[in-house]
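Visitor: I have just opened this structure and would like to be guided through a few of its details, one question at a time.

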Amino acid sequence: MDRLDKEKMPKAANALRRNFLRTVGIGAACAGTWVSKTLPAASSPQEAPIPNIPGYDWRKHKWAFGVDATRCIGCLRCVEACKAENGVTRDAHHFRTWVERYVYLKGDDHAHVDSQSEPGNIAASGSEQAFRFDNRYQDAPVEKAFFVPKLCNHCTHPACVQVCPTGATYQTRDGVVLIDHSYCIGCQYCVQACPYGAREFNHTMGVTDKCTWCYHRITKGLQPACVEVCPVEARVFGDRNDPESPISQFIKNNRVSVLKPHTGNAPNVFYVGIDKEVS
Amino acid sequence: MIGTLANAAPYVGYVYPNETDIPWSVLIVIYPYITGLVAGAFIVSSLYHVFGMNQFKPVARFALLTAVSFMFFVPMPLLFHLGNPQRAFNAVLTPHWTSAMSAFSYVAGFYVCLLLLEIWFAFRADIVALSKAKSGLQGRIYRLLSLGSDDVSPASLAIDHRFATALAIIGIPAAGGLHGYVGFLFGSVKAREWWSSDLMPIIFLLSAIVSGIGLLVVLYVAYSKKRKVPASEQALMGLAKTLWAFLLVVLLIEGLELLEMFYKRLEGIDTVERLIEGPIRYGMVLQWGCSIGVLGLLTVLIVSKARGRTLVAGMTVSGIAMMIGVVAMRWNVVIGGQELSKTSKGLLIYYPEILGHEGLLAVAFIFLCPFVVLWLITRFLSPWEVEAGKEVSP
Ligand code: SF4
Ligand code: SF4
């Protein structure tokens, strides 16, 4: 049994369905019929109904994520934890989060880049279901090297939400981008539209999947699984509405950047310690 | 859940791990291809119905039937591709209007209705005649199709003609919209460097028209052979000139677009060059080779005022080459765009599967369907001008 469908997520489609009914209602009202009166007086189009999560009010939070690439040691516990926590397909082609390795050898202008799913690294770990970076640079003249954890940026202007034809992909009030797996038709337009390669397709369920910042955990006051397991605090998560939260402090005390700012997506994952080659 | 992807794409350089599972298969190559054939065939019928270009009279009604036969199958590749096809109606019931894709069912539905209406007006006189001539089940079907309107007086036929013309006039922007829209589906994806171009809609539209004319030429020649009637030289020469003009414009725009891309040399251009030299090499050769070859051949046919068998043979070759060239172009765009990694640091290589619901066999099956349907429709409603020496209203 897959974990994906067990997650208790607010259903975007309900909000959309109501808006659709409302549109129909307005049309009908214009025609002078009684229909509009019998329809539920839905909230304004922007104002989606508040999901019923006990003890949680999504109007009170604004989540964000930080990555300190200077700290990451490439241990890949985050990738392991994410796959386990979220039931992500266990192979080298489906990840909600992954880690990239950037290596500059002496005299090189460009970095050599790979991730845990590169064949050499799979050979080192022994299987597609375990994660390890191999030692290929052990004897190489390395000038500069660093790791960059990647995940969905939960963009302020998410291209994936813009292109979703059904509204199955949607943005929550607290700044998280989610997918309603019971409503997704599996067209993968959103997979095309995400500039960051953050989306993957679950072939068993025929739906698209991606990082949710562990919405089922953060709405209970817990940290996302990857943040929880990171041994060096390279991953930071918190509420921007709270100036004392780890993420607010992270953004305040560092010169942060985001990935591919030219796309206009306005990511909410903030990076420290990446260089020009990282995109 | 443990999974190993059977058809994961091999790659060079660095690509995001999730990119190795290519989202849009060869099914999405034939989706814009089939739509394009519709647009092209329709434009030819409009040249007669709207612009009164009489040389197209012999193929005008056949073009309409061709357009509708292919239009019926436009949604098929999309449905085959969905992970949850049984939910396809979600996009109709709760369309999320910021998505270009959400309008698909409405755009396509509108266009099918328009085509059916126009066909009805163009064929009503025939339907009435057939409903009187045939008896039994066939007669009853024709009577049903006439929708109870059996007045074939000259005044009434004139009204039919006016309606058909009006619908054809609406049909031109609709056909343009339908295919420009398909171009927008790709051109608006800013994450894909190879797609994200303002010229995409217009390139898609123009190449659609040339492929549709190509299809029409091939079908018209084949049908003429089968009916043992010589293909109209006037019609073929008209098609040659139309094809020549549209092809010239599409080649110019595509050429200029490439020129600008290589002249500006924005970030990532090296990878684009490697894409063209690598995974889509053969596609590019086919696309450009066929297009330039056809342009040359058509120029010769037109300048030499070719006639008879030379014209028929030359146009058949042009038609087939045009259809191949445009299918290659669709491949280069749809597949090429996904082979170019979003990292700008790597390339993927897509190999289509043979079997399976996204495989080449499925594609061949889907592409065969409209030909079968067209054959059935033409058996039922003959689009040809002269049947047994009797003039049939256009
Ligand atoms: S990173 Fe991609 S999947 Fe995540 S919100 Fe942004 S566009 Fe959507
Ligand atoms: S695959 Fe993506 S775009 Fe398509 S319906 Fe599902 S969430 Fe929306």
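Visitor: Which residue takes a positive phi in the hairpin of β2(A) and β3(A)?
Guide: This is a predicted model, in which local features need pLDDT of at least 70, side-chain atom pairs count only at pLDDT 80 or more, and totals for chains, interfaces and linings use all residues. Residues are numbered from 1 along each chain as its sequence is written, chains are lettered from A and ligands numbered from 1 in the order written, and side-chain values use heavy atoms, without hydrogens and water. The hairpin has six residues between its strands, and the one with a positive phi, near 85°, is A:Gly107.

Visitor: What is the bridge partner of A:Arg101 in β3(A)?
Guide: Strands here are DSSP runs of E with at least two residues, helices are runs of H or I with at least four, and both are numbered from the N terminus; two strands pair if DSSP finds at least two bridges between them. Strands β2 (residues 97-105) and β3 (residues 112-115) of chain A run antiparallel and are joined by four bridges. In β3(A), the partner of A:Arg101 is A:Asp114.

Visitor: How are α1(B) and α2(B) oriented, roughly parallel or roughly antiparallel?
Guide: Axes are lines fitted to C-alpha atoms, for helices over the stretch in contact, with angles from 0 to 180 degrees between N-to-C directions. The axes of α1 (residues 27-49) and α2 (residues 57-71) of chain B come within 8 Å and cross at roughly 155°. Angles under 35 degrees count as roughly parallel, over 145 as roughly antiparallel, 65 to 115 as roughly perpendicular and the rest as oblique, so α1(B) and α2(B) are roughly antiparallel.
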